[in-house]
Amino acid sequence: MRIRGQRSEVGNQEMHFLTCQRGGLLLIAVICLMLHGGCILPRGQRYRHFTTPTPLPQDQILVLGFMGGREPWNNDERNVRKLALRLRSMNDPGICIETVENKKRSLAIELIRNAFDRNRDGKLDERERSSIRLILYGQSFGGAAVVKLARQLKKMDVPVFLTVQVDSIGRGDRVIPPNVAHAANLFQGNGWIIRGEPEIRAEDPARTTIIGNFKYDYSHKQIDVSKVPLMKKAFRVAHTRMEYDPDVWAKVEELILDSVKKLR
């Protein structure tokens, strides 16, 4: 009986060891999956990801596009990024274009400061601020980030020549601060849950021109969103259609290029 008890005890120890080993392997597998998915190691845009050389030469124009949702700055499948790449492909030496994650406004401010701080003293003096040529555009939460950034720049006495919001979602994205010279808003009203800001207005109409609040109707207009994952469009069909509507981005491009002409 004692021998059998010893064997039973040994068997229990072996089972305990195997269980711990399997548990350890499972834990390692979960950690690997989390690492691969970016759940443990912090991911996101860093200042080093910008390609714009700083400081910029005099009269250089800086265009910043803000991504929607949680999209990374370098997602070439999203139309904020696609437009930036299209503008870059024009090879205009007088324009620098960057895309920014909508929660990384601090990076945008750092880039703006470095881009126009031509004497490199770490701040923008009156002469440098008056020389700033800046255009901001964004979609969804990126549209709201545009207005929030403009409001932060107002506190720094930094002018913004143009802001463009595409189906903007977020608090405080309706009123455009007076440091913005021109503003445009593109939106849709077909979404059951998500609809963009329908009307922006100037805090000071004497200083800001509202170019327009342009409404897009998707009740019958078909847009190819077949490549968009189902979970991303399930509750925001119209919002998604607007993001992938080529007419929308042709309008944004037109607004930006018209502003570039006016700045020259």
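**Salt bridges and beyond**

Mentor: Happy to! R78 and E243 meet through their side chains in a salt bridge, 2.7 Å from N to O. Keep in mind that this is a predicted model.

Trainee: Where do R78 and E243 lie?

Mentor: R78 lies in the loop between strand 1 (61-66) and helix 2 (79-89), while E243 belongs to helix 7 (residues 237-243), so the pair ties together parts that are 165 residues apart in sequence.

Trainee: And is R78 buried or exposed?

Mentor: R78 counts as buried, because its relative accessibility is 14% and the cut-off for buried is under 20%. E243 is buried too, with a relative accessible area of 4%.

Trainee: Which other residue forms a salt bridge with R78?

Mentor: E71 does, with the closest N and O atoms 2.5 Å apart. E71 is buried, as is R78. Put together, E71, R78 and E243 are linked in a network of salt bridges.

Trainee: How many salt bridges does the structure hold?

Mentor: There are 11 salt bridges. Another one to look at joins the side chains of R264 and D92, at 2.7 Å from N to O. R264 sits in the segment after helix 8 (246-263) and D92 in the loop between helix 2 and strand 2 (95-100), so this pair ties together parts that are 172 residues apart in sequence.

Trainee: What about accessibility for R264 and D92?

Mentor: R264 counts as exposed, at 56% relative accessibility. D92 counts as partly exposed, at 25%.

Trainee: Changing topic: what sort of span does helix 5 have?

Mentor: Helix 5 covers residues 141-155, and its 15 residues should span 21 Å at 1.5 Å a residue. Its end C-alpha atoms are 22 Å apart, which agrees.

Trainee: Which residues of helix 5 are buried?

Mentor: The buried ones are G142, G143, A144, A145, V146, V147, L149, A150 and L153. As background, an α-helix has 3.6 residues a turn, so residues three or four places apart point the same way.

Trainee: What do the buried residues of helix 5 pack against?

Mentor: They pack against strand 1, helix 3 (105-116), strand 3 (134-139), strand 4 (160-166), strand 5 (175-176) and strand 6 (180-188). While you're there, look just past the end of helix 5: D157 takes a positive phi of about 60°.

Trainee: Let's jump to E98. Where is E98 found, and is it buried or exposed?

Mentor: E98 is found in strand 2. E98 is buried, with a relative accessible area of 2%. Its side chain and that of T52 are joined by a polar contact of 2.7 Å.

Trainee: Which other residues is E98 in contact with?

Mentor: Leaving aside neighbours within four places in sequence, the contacts of E98 include F50, T51, V63, L64, G65, R88 and L111, along with T52.

Trainee: You mentioned F50. How many aromatic pairs are there?

Mentor: The count comes to 1 aromatic pair. That is Y47 with F50, edge-to-face, at 5.5 Å centre to centre with 85° between the planes. Y47 is partly exposed, with a relative accessible area of 25%, whereas F50 counts as buried at 10%.

Trainee: Last one: which ring does the charged end of K251 sit over?

Mentor: The ring of F214, with the charged end of K251 lying 4.6 Å from the ring centre.

Technical notes: Residues are numbered from 1 along each chain as its sequence is written. This is a predicted model: local features need pLDDT of at least 70, side-chain atom pairs count only at pLDDT 80 or more; totals for chains, interfaces and linings use all residues. Side-chain values use heavy atoms; hydrogens and water are left out. A salt bridge is a side-chain nitrogen of Lys or Arg within 4 Å of a carboxyl oxygen of Asp or Glu. Buried means under 20% relative accessible area, exposed over 50%, partly exposed in between (1.4 Å probe, protein chains only). Helices (H or I, at least four residues) and strands (E, at least two) are DSSP runs, numbered from the N terminus. The expected span of a helix is 1.5 Å times one less than its number of residues. Contact means heavy atoms within 4.5 Å. A polar contact is a pair of N or O atoms within 3.5 Å; within protein, one must be able to donate a hydrogen and the other to accept it, and residues adjacent in sequence count only if both atoms are side-chain atoms. Rings of Phe, Tyr and Trp (its six-membered ring) pair if their centres lie within 6.5 Å; planes under 30 degrees apart count as stacked, over 60 as edge-to-face and the rest as tilted. A charge sits over a ring if NZ of Lys or CZ of Arg is within 6 Å of the ring centre and within 35 degrees of the ring normal.
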